[in-house]
Amino acid sequence: MNSNDPNITQLQLSGLSFWLSVLLVIFLLSAVGLVWLVKSIFLILALLPLLGIAAVFGVRWWVGRSLVRDRCPVCNFELVALEQQERLQCPSCGEMLTIEDKQFKRNAPPGTIDVQAIDVSTKSIDESKS
């Protein structure tokens, strides 16, 4: 092996430059003072649980505002969906639904008229004569 190989020299200097960088960082931190760094770390560690609690309540508030709970207008099946969904399909009847004003609406093509059928009881002619 050749001791004058530039790759070997570069490899040896890269290890030396790492340790020189570490010593330089330690020197700068000791010159400035480490008290502020230690206090900052303790402050972050103290605020971390509070941030977690705030995140839990924030997510619960957002989900409470974003959920839509209503019944399918076709089969009366109770559904829960996010308000941001454009279209969804009822798992009971398969009807495509949209969300408008926190209510589920049937997604009908233009020109379709929705009607509701009413059951009318009728009497037969024989019953009316009696």
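1. Exposure classes here rest on relative accessible area with a 1.4 Å probe and protein chains only: buried is under 20%, exposed is over 50%, and partly exposed lies in between. The model is predicted, so local features need pLDDT of at least 70 and side-chain atom pairs count only at pLDDT 80 or more, while totals for chains, interfaces and linings use all residues. Residues are numbered from 1 along each chain as its sequence is written, and side-chain values use heavy atoms, with hydrogens and water left out.

2. Asn76 has a positive phi of about 65 degrees, although it is not a glycine. Asn76 belongs to the loop between strand S1 (67-71) and strand S2 (78-82); strands are DSSP runs of E of at least two residues and helices runs of H or I of at least four, numbered from the N terminus. With a relative accessible area of 49%, Asn76 is classed as partly exposed.

3. An open sheet is formed by three strands in the order S3-S4-S5, with antiparallel pairing. Strand S3 (87-89) and strand S5 (103-106) are at the edges with a single partner strand each, so one side of each has no neighbour in the sheet. From one strand to the next the twist averages 45 degrees (axes are lines fitted to C-alpha atoms, for helices over the stretch in contact; angles run from 0 to 180 degrees between N-to-C directions).

4. Pairing requires that DSSP finds at least two bridges between two strands. S3 and strand S4 (residues 96-100) are joined by three bridges in the antiparallel sense, and Arg87 has Thr98 in S4 as its bridge partner. The two strands make a hairpin with six residues between them, and in its turn Gly94 has a positive phi of about 85 degrees.

5. S4 and S5 pair over four bridges, also antiparallel, and Ile99 is opposite Phe104 in S5. Their hairpin has two residues between the strands. Asp101, in the loop between S4 and S5, has a positive phi of about 55 degrees without being a glycine. Asp101 counts as exposed at 74% relative accessibility.

6. Leu34, Val38, Ile41, Phe42, Leu45, Leu48 and Leu51 make a nonpolar surface patch of about 690 Å². Patch residues have over 30% relative accessible area and no salt bridge, with nonpolar side chains (Val, Leu, Ile, Met, Phe, Trp, Tyr) joined within 5 Å and like charges within 9 Å. A salt bridge is a side-chain nitrogen of Lys or Arg within 4 Å of a carboxyl oxygen of Asp or Glu; accessible areas come from the Shrake-Rupley method with a 1.4 Å probe, and for residues only the protein chains shown count as cover. Leu34 sits in the loop between helix H1 (6-32) and helix H2 (35-66) and is partly exposed at 40%.
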